[in-house]
Amino acid sequence: MDYPEISFEDRMSTVDFQVSRRAHIEVDSEICNSCTTRECVHACPANLFVPTTDGGILFNYEQCFECGTCYLLCNKQGAISWTYPDGGDGVTFRKG
């Protein structure tokens, strides 16, 4: 079956984010500073983790797809605490 080619911009136009005041992901910057692998930076599909020049991680939860990839990859080090956003907040994928 062939699927029509859809641009990234068109795919993202079907995604809504209701940003919660409470961050559903918390990052322990002290643990991040000693991390050498930075799996979260490479694996996050929304590119929400950005390494800083001082060895830390700059993180933004506001456009998170809630896939949990960052938590699953980093859980062994305990740097990321992950929960779902509060009810009514977070990402919504609309059919489009």
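This is a predicted model: local features need pLDDT of at least 70, side-chain atom pairs count only at pLDDT 80 or more; totals for chains, interfaces and linings use all residues.
A salt bridge here means a side-chain nitrogen of Lys or Arg within 4 Å of a carboxyl oxygen of Asp or Glu. As for disulfides, a search of the whole structure turns up 0.

**Salt bridge Asp86–Arg22**
- The side chains of Asp86 and Arg22 pair up with an N to O distance of 3.0 Å.
- Asp86 sits in the loop between strand E5 (80-82) and E6, while Arg22 sits in the loop between E1 and strand E2 (25-27), so this contact ties together parts that are 64 residues apart in sequence.
- Asp86 is partly exposed, at 35% relative accessible area, and Arg22 also counts as partly exposed, at 34%.

**Salt bridge Asp16–Arg94**
- Asp16 bridges to Arg94, and their closest N and O atoms are 2.9 Å apart.
- This pair links distant parts of the chain: Asp16 belongs to strand E1 (residues 15-18) and Arg94 to the segment after strand E6 (90-93), 78 residues apart.
- Asp16 has 30% relative accessibility, so it counts as partly exposed; Arg94, at 39%, counts as partly exposed too.

- Cys44 is buried, with a relative accessible area of 11%.
- For Cys74, the closest cysteine sulfur is in Cys40, and at 5.9 Å that is too far for a bond, since a disulfide needs the two sulfur atoms within 2.5 Å.
- Cys74 is buried as well, with a relative accessible area of 7%.

Definitions and conventions. Residues are numbered from 1 along each chain as its sequence is written. Side-chain values use heavy atoms; hydrogens and water are left out. Helices (H or I, at least four residues) and strands (E, at least two) are DSSP runs, numbered from the N terminus. Buried means under 20% relative accessible area, exposed over 50%, partly exposed in between (1.4 Å probe, protein chains only).
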